[in-house]
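I opened my notebook to go through this structure piece by piece. Here is what I looked up, entry by entry.

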Amino acid sequence: MKGQIIKALSGFYYVDAADEIFQTRGRGNFRNRNITPLVGDEVVFESSSRTDGYLLEVLPRKNQLVRPPVANVDQGVVVTSLIEPNFSYNLLDRFLVTLEYEDIEPIIFLTKADLMADEKMIHEIEAIYEKIGYHVITSKADGEELQALQRYFPERLTVFMGQSGAGKSTLLNRIMPELELKTAAISESLGRGKHTTRHVELLPICDGLVADTPGFSSIDFLEIESSQLPKLFPEFQAIANQCRFRECMHLNEPDCVVKEGVNEGHIAASRYNNYVQFLEEVENRRPVYKKKK
């Protein structure tokens, strides 16, 4: 039979096949073949009952995220707190670069706007990312932002991702109160939230599938090469063909239109500064040696 993994928990993979859920395990040779099934994977499996099945094959993926570990994602909602924990351009850009690398459409959702006294900063954040072409939704007291977000869900696999305490589970609870997902207060000493979501699970919401995933406070670039990084900033890519050099890295090259755009205010300095930092991280990371299959 064919189906899709909708939950992975304690060594079991729960597969949805024709609206029936089967509890399965991976075949023993998966480990030898370096195959790790992920939530979102399309799979072939066999089962003698709903609680006794085995995965036989993981079908080819169109993409996959390492953190959170989900495959075949259509779009990622980056839930970003404006305060408690404080907004970080750097962390948001890390998520966006990761999604761009996997060809996943990003949606930025800004939470806790009601606690934010500096409305000018909110408008500045919205303007920076909307100018690039990203969808930006800001939380409001009247709940209009929920309707705006739900319009993206039908027939798509959506991943909710973001820093611990940013409000991912709270947001999903507002959309579907019957989920009763656990939430927790922000740690005053650490300035970030506790991990209330312990595993990845696909939830049927608004005619689509939505993944609530464990939050985290940092994200590293493990696979992106330095030559790829400039292409993961859409505003750079849109004008890069005007640079003097074809593979301009937008650092010290003469006649670089990206640097000119930063100097003239057409490209946000925060984005460019984060790009320079990310590039340094990629170039200085330790090499990762993969096992031969």
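**Helix α2 and its cover**

I took contact, the basis of cover, as heavy atoms within 4.5 Å. Helices (H or I, at least four residues) and strands (E, at least two) are DSSP runs, numbered from the N terminus. Buried means under 20% relative accessible area, exposed over 50%, and partly exposed in between, with a 1.4 Å probe and protein chains only.

The model is predicted, so local features need pLDDT of at least 70 and side-chain atom pairs count only at pLDDT 80 or more, while totals for chains, interfaces and linings use all residues. Residues are numbered from 1 along each chain as its sequence is written, and side-chain values use heavy atoms, with hydrogens and water left out.

I checked the length of α2 next. The expected span is 1.5 Å times one less than the number of residues. For the 13 residues of α2 that gives 18 Å, and the end C-alpha atoms are 18 Å apart, which agrees. After α2 comes Asp-103, with a positive phi near 55 degrees.

**Whole chain**

I counted eight helices and 15 strands in the protein chain. Of its 293 residues, 47% count as buried. I also looked at contacts with a separation of 6 or more: residues 24 or more positions apart account for 66% of them.

**Cores**

I looked for nonpolar cores, which are sets of buried Ala, Val, Leu, Ile, Met, Phe, Trp, Tyr and Cys residues joined through side-chain atoms within 4.5 Å. The largest has 44 residues, and Leu-55, Leu-82, Ile-108, Tyr-129 and Val-159 touch the most other members. Elements that each supply at least two residues of this core include β1 (2-9), β5 (52-58), α2 (89-101) and β9 (105-111). The largest share, six residues, comes from α2. A second, separate core of 20 residues includes Phe-221, Cys-243, Val-258 and Val-262.

**Helix α5**

I then turned to α5 (residues 168-175). Six of its eight residues are buried, so α5 is largely enclosed by the rest of the structure. The buried ones are Lys-168, Ser-169, Leu-171, Leu-172, Asn-173 and Ile-175.

**Two residues up close**

Where is Cys-248? I found Cys-248 in the loop between α6 (234-237) and α7 (257-263). Cys-248 is buried, with a relative accessible area of 6%. Leaving out residues up to four places away in sequence, Cys-248 touches Pro-230, Cys-243, Glu-253 and Cys-256. The C-alpha atoms of Cys-248 and Pro-230 are separated by 8.5 Å, and the two residues are 18 residues apart along the chain.

Is Thr-111 buried or exposed? Thr-111 sits in strand β9 and counts as buried, at 7% relative accessibility. With residues up to four places away in sequence not counted, Thr-111 touches Val-79, Thr-80, Ser-81, Leu-82, Ser-139 and Ala-166.
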